[in-house]
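Welcome, and please take a moment to look over the model shown here.

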There are 2 protein chains.
Amino acid sequence: MRLGGRLVTLKQVAEKAGVSIKTVSRIVNGDAAVNVETRASVQKHLTRLNYVPNQAARQMRSGASSVYGLMTDVVATTPYSVDIVRGAQSALKDLHQTLLIANSDGEPEREAELWRMFRAHRVAGVIYAAMFHRAHDVGKTAFGESIILANCYDAHDSHSGIVPDDEQGGYEQARHLLRHGHRNIGCITLLESIDATRLRRAGIRRAFNEAGASFNSDMELSGYTGRVWQEESIVREAATALLKLAKRPTAIICGNDNVAMQIYSVAAELGLAIPQDLSLIGFDDLKLISESLYPKLTTVALPYFDIGRRAVEMLGNTRTSGHQRILVPCPLVERHSCRTLV
Amino acid sequence: MRLGGRLVTLKQVAEKAGVSIKTVSRIVNGDAAVNVETRASVQKHLTRLNYVPNQAARQMRSGASSVYGLMTDVVATTPYSVDIVRGAQSALKDLHQTLLIANSDGEPEREAELWRMFRAHRVAGVIYAAMFHRAHDVGKTAFGESIILANCYDAHDSHSGIVPDDEQGGYEQARHLLRHGHRNIGCITLLESIDATRLRRAGIRRAFNEAGASFNSDMELSGYTGRVWQEESIVREAATALLKLAKRPTAIICGNDNVAMQIYSVAAELGLAIPQDLSLIGFDDLKLISESLYPKLTTVALPYFDIGRRAVEMLGNTRTSGHQRILVPCPLVERHSCRTLV
DNA sequence: CAACGTGATGACAACGTTGTCATAGAACAA
DNA sequence: TTGTTCTATGACAACGTTGTCATCACGTTG
C-alpha cells in the first residue's frame, strides 16, 4: 500500500453509513447535536473502516496547525541535550500536537531554508534549541512572537529564551562544598568564551561571600584552550598542577562531569582517593558518566528536559507579553564524591 | 502575527501581478511554458511578498506528502543513539523532505496513538528507531511497506530492518587484540538478554578460531545483572576478579565504552597501567567517554548515523522487494588503550 | 389551528493548490 | 486566403474538511 496516498475519507464513511458527510464530521469531532442511534451506527463504520482524519485538510480549512517546529543547531557534542527534545515532546503530547524537527548544522544558509520549510508547513510555533547555553541571533523571520529559544537567548532580546540558571548552579556547587567544611577549594573551568563559565564563576563567588570565605583566584584554572568546537583539553595538566600544590585543595569544582571524570584518573595516579583525599563536584549530570564513576559523582544537573517542556508551554500561552529570559534552576544531585571535613 | 494563520497565497500574488493563479503556480513550480517577461514580473512579486507554498494544500491536491515520520522508543539511556535521528535528517535534507518525530516511551498504547498520528499526517514513510539493538513487534499498521526499522528488526520479519553488525564488531575487537599478540584475553559482557551480547560473542569466537587461538570461557564474565532498563553494574567486581587471577589477562574486551571506563578505574586501583599492564578495547565509541579517558580508548564504533541515513534511503526506494535485514559494519577506532605484546 | 421553538440532518462554500481542458493569438503551411 | 500547429495563458474542478445556513419533522404554546 502506498503511503501518503489516499486513505479513508469522511465521504466514504458517509456513504457506507447512509448519512451525509457533515454528520460523520460531527461525530468525529464529538459535536453534540447528533441522534444517539445515528452516532452509534456511524461510529461502527468509522472504526470498521479505520478512519483517521486528514490533518492537511483540517489545517487548510481551519487555518490552525497542529504541528510545532523544532530547530536545533548541532546535536553531536552534548548528547544529553536531546533531553530538550524529549521535554518538548512530552509537553506537546499533552497538547495533542506534534513536532517537526530539523537540524541546521549551524549553517545560516540552511537555517534560512528551515524557516521557509516551517512556514511552508504553517507550524504553530517554533523552538530554536541550542546545544549549549549561548546567545543566538534569530534575525527577522515571519514568525514574530511564536518563537522561543531553548538553552539560548536572542542576541537582541526580541524573543523569549529559556536557559539554565548557571549562576545558581555554580552557587550550588560551591555551597555544597563549603557546607561540608571545605575552604581550600580548587576550580577547573570550561572555556572562558562560554557564557556558562562566567555565570557559574559569579555563583561560586556569591556562595563564598555568603559563607564568609574568600576565593583564591590562583586556585581557578581553565581546563580547556582553543575555541568552541575545537577546544583542546588541558584538564589533566591543570588538575595535576592543583594537586601538586604544597597546600593542595581538599576539593575541586569541575566545569562539567567530563572534567570530573578526567580528574578521577589524575587523582588515582597521584594516589589520592576520592572522596577521602579529594572531593569533586561536577556539572551537567550526564548519567553515563556521573553514575558510572566510582565513587558516583556528586554534581549539579542541567535541566534540559524542563527547558524543553517549558519552551512548549510558553509557546502555548501566546498571551505572554514581552520577551523574557527565563532561568531554570539546576538542582544538586548528591552522590558520593564529596566528603565532610571534620 | 499569528502563526499557523493565513500567509500569502497564490491568489494574492496573482492579483498583484495581474495574471491568473495558474500562471503563478507554473512559475513557482518551474514549469516551462511561461513567457520570459511574465516570469520575471511574477517572480518579482513572489519575492516581494515572500510567498511560501502551503504544504497542506499541496499535499491535499496531489496526495503526496513531503513528510516522513520517525518513532523512537526510549531516548534517555544511550545518548549517542540520537545519531540515528541525525543520520535520517541528513538523508532527508537531500530529498527535500522533513521529519515528524515522536517518542513512544516504550508504551504500546502511546505507540498505537502515534501510528494514528502519522496516518493523520499522511506521512510518506515511517522509521521506527530503537535505542538498542533488539527485536520489535511492529504488528499490523496501515503503512505496509513504508516502514523501516532502525537499530532493530521486526519480530516477524515482515519489515526491513537496519542494524549494526555486532558479530563483525565483536570480531574486530578480538582480532585487534589477537593481532597485537594477546592470547590471554578477558571479556566483560553486557546483559545476556541483549542480542548484541550473543552476536558479539560469536564474532569474538570467530576471530579466535581464525587466529588458531582458543577462547577460555572462564575468562568471560558478565558485567551486569538484572533485566534491561533495571540492570545493575557488577563491572568492578568482574574486572577485579579477572585482574586478580594468577594468570591475569593482558587484555580485556569490554561490552561497551562504559564498561571500559569502569575498568580504567579498577586497573588504577590495582596499580595496573593502561596499556602497559593491561590493554582494553571498548564498544560504541561514545566520544564523551572514549576521547576523555586517559589514555584515549581504542574501541569499535556503533554506526548510528549510517543506520539513520540508510533507513531513509531505503524508504526512498520503494522498489526494494521483500524484507531484508541489513547489517551495517562497526568500524574499529584505534586510539591508545591497546599495546603490542612482544 | 396557527405560530413557534427545538433537535437532527444535509447542501454548499471555502481553505490553497495543481491537473485537465479550453481559448486566444501568432506563426506557419497549403 | 483558409486551415493547422504552437505558445501562452486562464477557467474550472477537485483534494478532504468544517463553518454557515437551510430544511424538515417534531412537539409545544397561545
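## Before you start

This is a predicted model, in which local features need pLDDT of at least 70 and side-chain atom pairs count only at pLDDT 80 or more, while totals for chains, interfaces and linings use all residues. Residues are numbered from 1 along each chain as its sequence is written, and chains are lettered from A and ligands numbered from 1 in the order in which they are written.

## Chain A as a whole

Let us begin with chain A, which has 12 helices and 14 strands. Helices (H or I, at least four residues) and strands (E, at least two) are DSSP runs, numbered from the N terminus. The C-alpha trace of chain A spans about 90 × 40 × 40 Å along its principal axes. Its radius of gyration is 26 Å, whereas a compact globule of 342 residues would have one near 20 Å; the value is taken over C-alpha atoms, and the globule rule is 2.2 Å times the number of residues to the power 0.38.

In chain A, 48% of the 342 residues count as buried, that is, with 20 or more other C-beta atoms, placed from the backbone, within 10 Å of their own. Of the contacts in chain A between residues at least 6 apart in sequence, 68% join residues at least 24 apart. Two residues are in contact if their C-beta atoms, placed from the backbone, lie within 7 Å.

## The sheet in chain A

Two strands pair if DSSP finds at least two bridges between them.

Within chain A, β6 (residues 185–189) and β10 (residues 251–254) run parallel and are joined by 4 bridges. Here Ile188(A) stands opposite Cys254(A) in β10(A).

## Where chains A and B meet

Each side brings its share to this contact: 55 residues from chain A and 55 residues from chain B. On the side of chain A that touches chain B, α10(A) gives the most, with 7 residues. By class, that side has 29 nonpolar, 19 polar and 7 charged residues. Ala, Val, Leu, Ile, Met, Phe, Trp, Tyr, Cys and Pro count as nonpolar, Asp, Glu, Lys and Arg as charged, and the others, Gly among them, as polar.

Strands take part too: β2(A) and β2 (residues 98–103) of chain B pair in the antiparallel sense over 3 bridges. Leu99(A) stands opposite Ile101(B) in β2(B).

## Around the DNA

α4(B) gives the most to the surface near DNA strand C, with 5 residues.

DNA strand D is surrounded by 26 residues, the closest being Leu10(A), Ala57(A), Ser20(B), Thr23(B) and Asn35(B). Here the largest share of the surface, 5 residues, comes from α4(A).

## The nonpolar core

The largest nonpolar core has 166 residues, and Ile127(A), Ile263(A), Ile127(B) and Ile263(B) have the most contacts inside it. Such a core is a set of buried Ala, Val, Leu, Ile, Met, Phe, Trp, Tyr and Cys residues joined through C-beta atoms within 7 Å. Not counting residues up to four places away in sequence, Ile263(B) touches Val235(B), Ala239(B), Ile252(B), Cys254(B) and Leu280(B).

Terms used. A residue is buried if 20 or more other C-beta atoms lie within 10 Å of its own, exposed if 12 or fewer, and partly exposed in between; C-beta atoms are placed from the backbone. A residue is near a molecule or strand if its C-beta atom, placed from the backbone, lies within 6 Å of it.
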